[in-house]
Amino acid sequence: MSICRLLKPNLRSFFATQIRMSSDQLGELGKGVGKGGGGGGAVREAGGAFGRRQAAEEEMYFKRKEHEQLAVLRKHHQEEIDHHKREIQHLQQEIIRHEGKIRKLRLDD
């Protein structure tokens, strides 16, 4: 089973973004086909200012998406931390309760 199937959807898209961002670009985005900009629609294929603008907008879109995904990931981890802290407090109260029962049993002997 691949690791992508095991990850939650948010994490999967996060890693996909990382792979996309880390891929090598052969030239400047939006320069046009055959000039290192690659295909990506009629505007980008034509190159020029509109192609560069579209490429820049796409990069900003993915940058915003990555920022949003990181915020979701941070929130998730903080919620996990808070949950575990509450669990620890509950278990410490249980320990105190059981120790009290043991003391009471010793006194009854």
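**Side-chain pairs in the predicted model**

Glu57 is partly exposed, with a relative accessible area of 43%. The model is predicted. Glu57 pairs with Arg53 in a salt bridge, and their closest N and O atoms lie 3.1 Å apart. Arg53 is exposed, at 52% relative accessible area. Both residues belong to helix H4, which spans residues 48-108. Four residues separate them there, or about one helical turn.

In total, the structure contains three salt bridges. Another joins Lys75 to Glu79, with 3.9 Å between the closest N and O atoms. Lys75 and Glu79 are also four residues apart in helix H4, again about one helical turn. Lys75 is exposed, with a relative accessible area of 55%. Glu79 is partly exposed, at 43%.

Arg97 and Glu94 form a further salt bridge, with an N to O distance of 2.7 Å. This pair lies in helix H4 as well, its members three residues apart, about one turn of the helix. Arg97 has a relative accessible area of 39% and is partly exposed. Glu94 is partly exposed too, at 26% relative accessibility.

Aromatic side chains were also examined. The structure holds one aromatic pair. The ring centres of Tyr61 and Phe62 are 5.2 Å apart, and the ring planes meet at 75°, so the arrangement is edge-to-face. Tyr61 is partly exposed, with 42% relative accessible area. Phe62 also counts as partly exposed, at 24% relative accessibility.

Conventions. Residues numbered from 1 in each chain as written. Predicted model: local features only at pLDDT ≥ 70, side-chain atom pairs only at ≥ 80, totals over all residues. Heavy atoms only, no water. Phe/Tyr/Trp six-rings, centres within 6.5 Å; stacked < 30°, edge-to-face > 60°. Buried < 20%, exposed > 50% of the residue type's maximum accessible area, 1.4 Å probe, protein only. Salt bridge = Lys/Arg side-chain N within 4 Å of Asp/Glu carboxyl O. Helix = DSSP H or I, 4+ residues; strand = E, 2+ residues; numbered from the N terminus.
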